[in-house]
Amino acid sequence: MNPTMIQFFHWYSEGDGKLWKEAEKQAKYLAKLGITSVWFPPAYKGTNGGYSIGYDAYDLYDLGEFDQKGTIPTKYGTKNDYIKAIKALKKQNIQVIVDIVLGHKAGGDELEKFKVVKVDEENREKVISDVIEIESYTKFTFPGRGKKYSDFEWNFTCFSGVDYAEGMDSHIFKIQSEYGNDWEEMIDDEKGNYDYLMYNDIEHRNPFVREELNHWAKWYFDQTGFDGVRLDALKHISFDFYKEWLTLLRSNSGKNIFAVGEYWAPGYLHLLQKYIEVTEGCMSLFDSSLQNNFHTASREGASYDLRRIFDETLTQADPLHSVSLVANHDTQPLQDLEAPVEPWFKPLAYALILLRKDGYPCVFYPDLYGAHYTDKDREGNDQEIFMPKIDGIEELLKARKEHAYGDQHDYFEDANCLGWVRTGDDKHSGCAVVLSNKDAYNKPMEVGKLYAGKKFKDLLKRFEEKVIIDENGWGDFPAPAGNVSVWIPE
């Protein structure tokens, strides 16, 4: 079956410990749609306790088991709820992809004194102070957990930088360390060096830190039996670290753990390719360039040349390492990296990732279930956001599950209307897909002489009339204005 992932959360997912229970209930439905893997949010305790989305990681060993940061459950539920959800998904042959946040830690338990220099926030290579001594919350003792599962205590030697100093204004402070007074090597020079992102930046050159993170990975696998990992914020973490970490995880688990990384660089395909090269192809990456093309196409409307939709994308350049997506928790409205795809274009975008042969598509939770939330906009005003369920998303998923197989023949000659045919295989009949970002359109396409005289129907029910295939195997397939149709044999 065609692999299909879902990101089963968004930035504003409902709290109160409900997500794991919801996932357990939704397992059969997801399997019916053809979902083969579920990407869960970070499952460990964050510094904001029951309100933490998980990217402010505090204790990696607390999966909703210990009374820490004011709560036992995480925002998503208890450890027991989490394990039950994973088992329910696995029972439906759905793989579980866990979110891994190993770039920083937050919410330290005790202050420590150590030496630092201030760096320029826009050029972290530029030192703007003498060496000074500060106090910061870099000691982690995990009083709620104690030494269960691990007796490792994090302290300032485990970090390369912090953004908090007791009694001082917030700034980026580079720790003067035995492991190097410079930042770790990155593949790009954005902000001089973008090793530092937030909170207490983990020092991956510290061998004791690496040993602990490798130990934790094996522990996490033993607890949950996950099938894959989503690696957070790769542009801020040593590429050598994750190459080693994944090698050891796969070796220690005895399983070929799937890995997809977030290196968010829309419009910079060469950086995605460079990262894949330096990590020797040990992981896939989200295709941020394709997502950005969808965003642009949805804003430009009929003036956008659809023939360019895959230009400069990982899905076109290296499909075996591409996880394609229309939206995620960072691009949704009111987030820092917001690049929303307008609702009218989303059915077209999903057809382009679900019904073509290249890439491993990932569906976003609000696009299947809808979402409603309120947050501050860039001016600090409350803004209410409605993200509707995408029209036809279930049918598009079922079309991927049942029809998007075999060779692919493209009809990309028109700037405003794309079409392609999937020929099917021994078990699946194939399909014909037509989409337009302008007017209604008719596109002649060849489905094969074996269908001569047969009728094709629109799975999305945009059209009631059928397409009759001529004696040469050709049909005249209509596309609705600003929408998509998917044609299958009756």
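## Where α8 meets α10

In α8, Pro-347, Tyr-350, Ala-351, Ile-353 and Leu-354 are in contact (heavy atoms within 4.5 Å) with Ile-393, Leu-396, Leu-397 and Arg-400 of α10. By class, this contact holds eight nonpolar, no polar and one charged residues.

This is a predicted model, where local features need pLDDT of at least 70, side-chain atom pairs count only at pLDDT 80 or more, and totals for chains, interfaces and linings use all residues. Residues are numbered from 1 along each chain as its sequence is written, and side-chain values use heavy atoms, with hydrogens and water left out.

## How the helices cross

The axes (lines fitted to C-alpha atoms over the stretch in contact, with angles from 0 to 180 degrees between N-to-C directions) of α8, residues 346-354, and α10, residues 393-402, come within 10 Å and cross at roughly 15°. The two are therefore roughly parallel (angles under 35 degrees) to each other.

Helix α1, residues 19-33, also meets α10: their axes come within 8 Å and cross at roughly 60°. That makes α1 oblique to α10. Here Tyr-29, Ala-31, Lys-32 and Leu-33 of α1 touch Glu-394, Leu-397, Lys-398 and Lys-401 of α10. These residues divide into four nonpolar, no polar and four charged.

Beyond neighbours within four places in sequence, the contacts of Val-229 include Ile-97, Trp-245, Leu-249 and Phe-258.

Note on methods: Helix = DSSP H or I, 4+ residues; strand = E, 2+ residues; numbered from the N terminus. Parallel < 35°, antiparallel > 145°, perpendicular 65-115°, else oblique. Nonpolar A, V, L, I, M, F, W, Y, C, P; charged D, E, K, R; others polar.
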